[in-house]
Amino acid sequence: RIWRSQSPLRQFKNVPESVSRKLERKSDIEWSRYADLSPSDLGELVGVPRMGGTLHKLIHQFPKLDLSAYIQPITRSLLRIELTILP
């Protein structure tokens with residue numbers, strides 16, 4: 001288990017503690033946005049250009065789902081819920 005403020009990359013042994021801490025300090029970037037960064041951008045972000053390729057590979061190992069929900073009240077005690085899950 002990890003705290004919400006901790007990086008999911010902490011579970012990998014080949015990611016140094018210092019790199020994990022640097023990513024956790026970058027709280028202005030959401031976790032979902034890391035997948036959009038190139039290996040060189042990731043390396044610059046953590047200040048260790050050699051780790052860019054490794055981080056890019058590890059980030060793309062996490063599953064990515066797109067969820068959307070539509071909720072409509074039918075009566076006072078009944079709701080219609082439509083959930084769409086896309087890989």
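Q: A pocket is an open set of grid points with protein on both sides within 12 Å along at least five of seven lines. What volume does the second largest pocket have?

A: The model examined here is predicted. Its second largest pocket has a volume of about 210 Å³, a volume being the space filled by probe spheres set on the grid points.

Q: Which residues line the second largest pocket?

A: The lining consists of Pro-8, Trp-31, Ser-32, Ala-35, Ile-59, His-60, Phe-62, Pro-63 and Lys-64. By class, six of these residues are nonpolar, two are polar and one is charged.

Q: What is the volume of the largest pocket, and which residues are closest to its centre?

A: The largest pocket has a volume of about 340 Å³. It is lined by 13 residues, and those closest to its centre are Arg-4, Gln-6, Ile-29, Glu-30 and Trp-31. Its lining comprises five nonpolar, four polar and four charged residues.

Q: Which residues is Leu-9 in contact with, leaving aside its neighbours within four places in sequence?

A: With those neighbours left aside, Leu-9 is in contact with Val-15, Leu-23, Trp-31, Leu-55, Leu-58, Ile-59 and Phe-62. Among them, Leu-23 and Leu-55 belong, like Leu-9, to the residues with the most contacts inside the largest core.

Q: How many salt bridges does the structure hold?

A: A salt bridge is read from the distance between a side-chain nitrogen of Lys or Arg and a carboxyl oxygen of Asp or Glu, with a cut-off of 4 Å. The structure holds four salt bridges. One of them joins Glu-24 and Arg-10, whose closest N and O atoms are 2.5 Å apart. This pair links distant parts of the chain, 14 residues apart: Glu-24 is in helix H1 (residues 17-25), and Arg-10 is in the segment before H1. Arg-10 is partly exposed, with a relative accessible area of 27%.

Q: How far apart are the closest N and O atoms of Arg-21 and Glu-17?

A: They are 3.7 Å apart, and the pair forms a salt bridge. Because Arg-21 and Glu-17 are four residues apart in helix H1, about one helical turn separates them. Both are partly exposed, Arg-21 at 40% relative accessibility and Glu-17 at 39%. Arg-10, Glu-17, Arg-21 and Glu-24 are linked in a network of salt bridges.

Q: What does Arg-33 form a salt bridge with?

A: Its partner is Asp-36, with 2.9 Å between the closest N and O atoms. Arg-33 is partly exposed, with a relative accessible area of 48%, and for Asp-36 the value is likewise 48%, which also counts as partly exposed.

Q: Does Ser-20 count as buried or exposed?

A: The reading rests on relative accessible area: under 20% is buried and over 50% is exposed. Ser-20, in helix H1, counts as buried because its relative accessibility is 2%. Beyond four places in sequence, Ser-7 touches Ile-2, Ser-20, Leu-23, Glu-24 and Trp-31.

Q: Is Leu-67 buried or exposed?

A: Leu-67, found in strand S1 (residues 66-75), is exposed, with a relative accessible area of 56%. Not counting residues up to four places away in sequence, Leu-67 touches Thr-84 and Ile-85. Leu-67 and Ile-85 are 18 residues apart in sequence, yet their C-alpha atoms are 4.8 Å apart in space.

Q: Where is the place of Leu-37?

A: Leu-37 is in the loop between H1 and H2, and its 24% relative accessibility counts as partly exposed. With residues up to four places away in sequence not counted, Leu-37 touches Leu-42, Leu-45 and His-56. The C-alpha atoms of Leu-37 and Gly-52, 15 residues apart in sequence, are 9.7 Å apart in space.

Methods
Residues numbered from 1 in each chain as written. Predicted model: local features only at pLDDT ≥ 70, side-chain atom pairs only at ≥ 80, totals over all residues. Heavy atoms only, no water. Helix = DSSP H or I, 4+ residues; strand = E, 2+ residues; numbered from the N terminus. Buried < 20%, exposed > 50% of the residue type's maximum accessible area, 1.4 Å probe, protein only. 1 Å grid on protein atoms, 1.4 Å probe; cavity = no way out; pocket = protein on both sides within 12 Å on 5 of 7 lines; lining within 4 Å. Nonpolar A, V, L, I, M, F, W, Y, C, P; charged D, E, K, R; others polar. Core = buried A, V, L, I, M, F, W, Y, C linked by side-chain atoms within 4.5 Å. Contact = heavy atoms within 4.5 Å.
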